[in-house]
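Open the model in your viewer and keep the selection panel at hand.

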Amino acid sequence: MGKKVTVVGAGFYGSTTAQRLAEYDIFSTVVLTDIIDGKPAGLALDMNQSRPIEGFETKVVGVTTGPNGEGYEAIEGSDVVVVTAGLPRKPGMSRMDLLEVNAKIVRQVAENIAKYAPNAVVIVVSNPVDEMTALAQLATQFPKNRVFGQAGVLDTARFTNSIAETLGVPVKSVKALTLGSHGDTMVPVPSRCTVDGKPLSDLLPADKIEELVVRTRNGGAEVVALLKTGSAYYAPSAAAARMAKAVVEDSGAVLPVCAWVEGEYGISGVYLGVEAQIGAEGIKKVVEDKLTDTELAGLKEAAEAVRAKQADVANL
């Protein structure tokens, strides 16, 4: 029996994620859903026609879903569901501005996942992601390890790319990390950043590193401002697809994700950007590593900022 993955939402983010997952050629089926009639089926047909050229066998199925859960039976038996549904940011909007409108969408999606794919691991990417991950867990009532969010993989990639471009080195020679929330309380971790094994602090002055940290924190807004319509999707979809791959391959890969924290770093009872080992059951365990006092303080500050908002989503 081949593996099945569903991507909810066929906007740029969702459709690009579906394409990446199909091209991995590790699933029997990728299901793409959307509320716009015909759109997911059209995209699926287009992707399937690329199979002979790209040489993959994974079948893409596009399904239109209705306001009362019509169409969701297509996701039955999914091993992983990636939730991209919701509105993207417009220039000048913060991720938080999307909270109420996307909460309604994510809650409805989560309830249908619970009904039709009760054994799935759920990866949430809808913004604001820390809050929407908490909401998806509440709405599905799934164990917390089976619901997690995409943030750190993308933010770390943005940080890594900025470091590589600044120093003029290949991206593969840079190891970087960001934790905390996906937004204003993001915590890039310079103490864990190396270039060809050398500490970043040996190669760049503190003020330059801080500039890169700020650029990483505003990474999504920078793209939104340039595009003027819609938000980033190439790097975000790469991050979400890579996380889904780690789940279905039960790889044990350690990735920075939005995971439920229960005591790690002295923080409890909140979804937060931390490193975690990913496998078939979602989060195998949160991985604690050494942080500087400043970085740890930033992580705790992020936890409290997110905790306040996550308490609000229960009522949305």
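Select H182 first. H182 is buried, at a relative accessible area of 7% (buried means under 20%, with a 1.4 Å probe and protein chains only). This is a predicted model: local features need pLDDT of at least 70, side-chain atom pairs count only at pLDDT 80 or more, and totals for chains, interfaces and linings use all residues. Residues are numbered from 1 along each chain as its sequence is written, and side-chain values use heavy atoms, leaving out hydrogens and water.

UniProt, in an unreviewed entry, puts the feature "active site" at H182; such annotations may be inferred rather than shown by experiment. H182 sits in the loop between β8 (178-180) and β9 (186-188) (strands are DSSP E runs of at least two residues).

Next, show what H182 touches. Leaving out residues up to four places away in sequence, its contacts are R95, N127, V129, D130, A151, L154, D155 and R158 (contact: heavy atoms within 4.5 Å).

Now colour by domain. Domain 1 spans 4-149 and domain 2 spans 152-314; the bounds come from an automatic or database domain assignment. The contact takes 38 residues from domain 1 and 40 residues from domain 2.

Look at the interface. About 3400 Å² is buried between domain 1 and domain 2, with carbon and sulfur atoms giving 70% (accessible area lost on being put together, 1.4 Å probe, summed over both parts). Select R95, D130 and F148: in domain 1 these lose the most area to domain 2, together 18% of what that side buries.

How values were computed. Helix = DSSP H or I, 4+ residues; strand = E, 2+ residues; numbered from the N terminus. Buried < 20%, exposed > 50% of the residue type's maximum accessible area, 1.4 Å probe, protein only. Buried area = accessible area lost by both parts, 1.4 Å probe.
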